[in-house]
Amino acid sequence: MKISIIGSGYVGTTVAACFADLGHDVVNIDIDEAIVETINDGDAPIHEEGLPELVADHAGPDGTGRLHATTDYDAVLDTDVTFLCLPTPQNDDGSIDLSIMEAGAKQLGATLADKPDWHTVVVKSTVVPGSIEETITPILEAESGKTAGEEFGIGMNPEFLREGTAVHDFLNPDKVVLGADDERALATMHEVFDPLVSQADAPVVETDTRTAEMIKYANNAFLASKISLINDIGNICKEFGIDAYEVADAIGLDDRIGEQFLRSGVGWGGSCFPKDTHAIISAAEEQDYEPIVLKSAVELNDRQPERLLDLLDGHVDVAGERVAVLGLAFKPGTDDVRNSRAIPVIEGLRERDAEVVAYDPVATANMREHFPDIEYADSAVTALEGTHGAVVVTDWDEFAALDGEFDAMADSVVVDGRRIIDRREGITYEGLTW
Ligand code: UDX
């Protein structure tokens with residue numbers, strides 16, 4: 001099929017390249033000319049494992065030609081279906097900010113006014129329940145002068161892609177959710193996903209757009225809450241001198257619990273869990289419902305960094321002393337620091353008048369935007385030199401190999417927020433939940 005993808009973030013670009021790899025003809029539309037040029041040169045505009053190869057295979061000079069990019073919305077006119085992959089960030093009060101999506105829908109609607117034949121619009125971005133019915137569809141109808149369900153179709157296809165493994169996650173889905181409010185939109189979405197469903201043998205969930213919107217939030221809210229629950233249990237274990245990881249290994253054998261997302265520690269960050277939990281809480285409260293468990297999961301997550309620093313306080317007064325922060329990215333494998341737990345940890349150390357020296361293999365440049373005036377080291381051992389404490393916030397594999405490097409510390413107190421450092425002779429070691 002001929003597919004247009006609006007938006008070239010880690011979702012849009014990944015989806016565009018993967019659709020091309022499945023045999024579709026894809027045009028990726030973005031307002032950023034530099035991104036468009038990068039893709040048309042056959043290069044990936046973002047860092048995602050496997051993406052450079054796919055973009056080179058399908059957009060590069062020697063590629064299949066099934067992928068190209070443009071800034072021109074009129075490219076939609078030569079396609080059968082458009083996926084909206086635009087950012088839906090968080091307002092200051094936690095509610096969803098649909099303004100970018102509304103602007104995209106407005107421009108898409110205006111373009112569709114000139115399209116004589118049927119077209120299907122699929123929302124892939126994470127939008128709160130009711131957004132398509134109450135906001136996006138009315139804009140598309142107003143701008144195109146057409147009626148949804150009769151002259152164009154509307155669908156919702158949530159993504160479950162993790163940063164760093166987005167290509168793998170797209171090509172190996174545990175489910176494909178097709179939300180549609182008309183039969184033609186559903187049929188189009190099946191045609192788009194049939195190659196993936198057959199090659200990945202993935203179950204297909206057919207539902208309406210409002211339910212599909214909720215499935216995305218429920219998925220993320222459940223995963224975030226599962227981590228907060230194991231962190232709650234982990235905090236209890238710490239009080240009793242029990243290793244939460246030993247407990248987690250045992251309960252994970254219960255297939256109703258499952259072994260994944262039971263790594264207790266300093267908590268969750270990233271561009272999705274924080275945004276999505278706040279958005280669905282805000283949306284629920286607008287319906288006069290208070291989601292108590294979700295709010296507690298967010299509150300507990302917010303407290304974990306302080307618990308890490310309390311453990312450090314128990315061993316050393318860091319006021320005026322150098323303290324190393326090992327790990328700045330919100331998780332290993334990415335340079336993304338959005339909502340990284342390192343941010344409240346550094347804030348807490350500065351409140352304690354500590355002199356922070358930070359190290360991360362790849363995320364330093366991004367964290368420098370948050371904290372331009374702290375010291376950044378170019379290696380873990382340099383960060384540790386002369387420090388009176390170290391906190392580990394990201395579970396980078398390279399930290400697991402640290403051993404003699406701790407001897408460079410003036411006072412070798414190590415508080416591990418991610419269970420990546422082995423206890424060893426010569427250091428005072430504290431694990432956050434073990
Ligand atoms: C998440 C969802 O997994 C994905 O399905 C959704 O589409 C987008 O949001 P992502 O935010 O990229 O993906 O990262 P993920 O690997 O889920 O980790 C999120 C956070 O949870 C990280 O900060 C990670 O360190 C933390 N985490 C994860 C834990 O603290 N413990 C765990 O056991 C797993």
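Biologist: How far is the sulfur of Cys18 from the closest cysteine sulfur, and which residue holds that one?
Modeller: In this predicted model, the sulfur of Cys18 is 11 Å from the closest cysteine sulfur, which belongs to Cys85. That is too far for a bond.

Biologist: Remind me, what is a disulfide?
Modeller: A disulfide is a covalent bond between the sulfur atoms of two cysteines. To be counted here, the two sulfur atoms must be within 2.5 Å.

Biologist: How many disulfides turn up in the whole structure?
Modeller: The search finds 0.

Biologist: Is Cys18 buried or exposed?
Modeller: Cys18 is buried, and its relative accessible area is 0%. Cys272 is buried as well, with a value of 18%. Buried means under 20%, so Cys272 still counts as buried at 18%.

Biologist: New topic. Which domains does the assignment give?
Modeller: Domain 1 covers 2-207 and domain 2 covers 303-431, according to the domain assignment. There is a contact between them, with 4 residues from domain 1 and 6 residues from domain 2.

Biologist: How far apart are the centres of the two domains?
Modeller: Their C-alpha centres lie 39 Å apart.

Biologist: Where is Phe160?
Modeller: Phe160 is in the loop that runs between β6 (153-156) and α6 (166-171).

Biologist: What does Phe160 touch?
Modeller: Leaving out residues up to four places away in sequence, Phe160 touches Asp169, Lys175, Val177, Ile215, Lys216 and Asn219.

Biologist: How far is Phe160 from Asp174?
Modeller: In sequence they are 14 residues apart, and in space their C-alpha atoms are 9.0 Å apart.

Biologist: Which residues make the nonpolar surface patch?
Modeller: Ile236, Phe240 and Ile242 make a patch of about 320 Å². Ile236 sits in helix α8, residues 209-239. Its relative accessible area is 48%, so Ile236 is partly exposed.

Biologist: Last topic, backbone angles. What is phi of Asn339?
Modeller: Phi is near 55°, a positive value, and Asn339 is not a glycine. Asn339 lies in the loop between β9 (322-326) and α12 (342-351). With 34% relative accessibility, Asn339 counts as partly exposed.

Biologist: And what about phi of Arg419?
Modeller: Arg419 has a positive phi of about 50°, and it is not a glycine either. The loop between β13 (413-416) and β14 (428-431) holds Arg419. Arg419 counts as partly exposed, at 30% relative accessibility.

Key. Residues are numbered from 1 along each chain as its sequence is written. This is a predicted model: local features need pLDDT of at least 70, side-chain atom pairs count only at pLDDT 80 or more; totals for chains, interfaces and linings use all residues. Side-chain values use heavy atoms; hydrogens and water are left out. Patches are made of residues with over 30% relative accessible area and no salt bridge: like charges are joined within 9 Å, nonpolar side chains (Val, Leu, Ile, Met, Phe, Trp, Tyr) within 5 Å. Accessible areas come from the Shrake-Rupley method with a 1.4 Å probe; for residues, only the protein chains shown count as cover. A salt bridge is a side-chain nitrogen of Lys or Arg within 4 Å of a carboxyl oxygen of Asp or Glu. Helices (H or I, at least four residues) and strands (E, at least two) are DSSP runs, numbered from the N terminus. Buried means under 20% relative accessible area, exposed over 50%, partly exposed in between (1.4 Å probe, protein chains only). Domain bounds come from an automatic or database domain assignment. Contact means heavy atoms within 4.5 Å.
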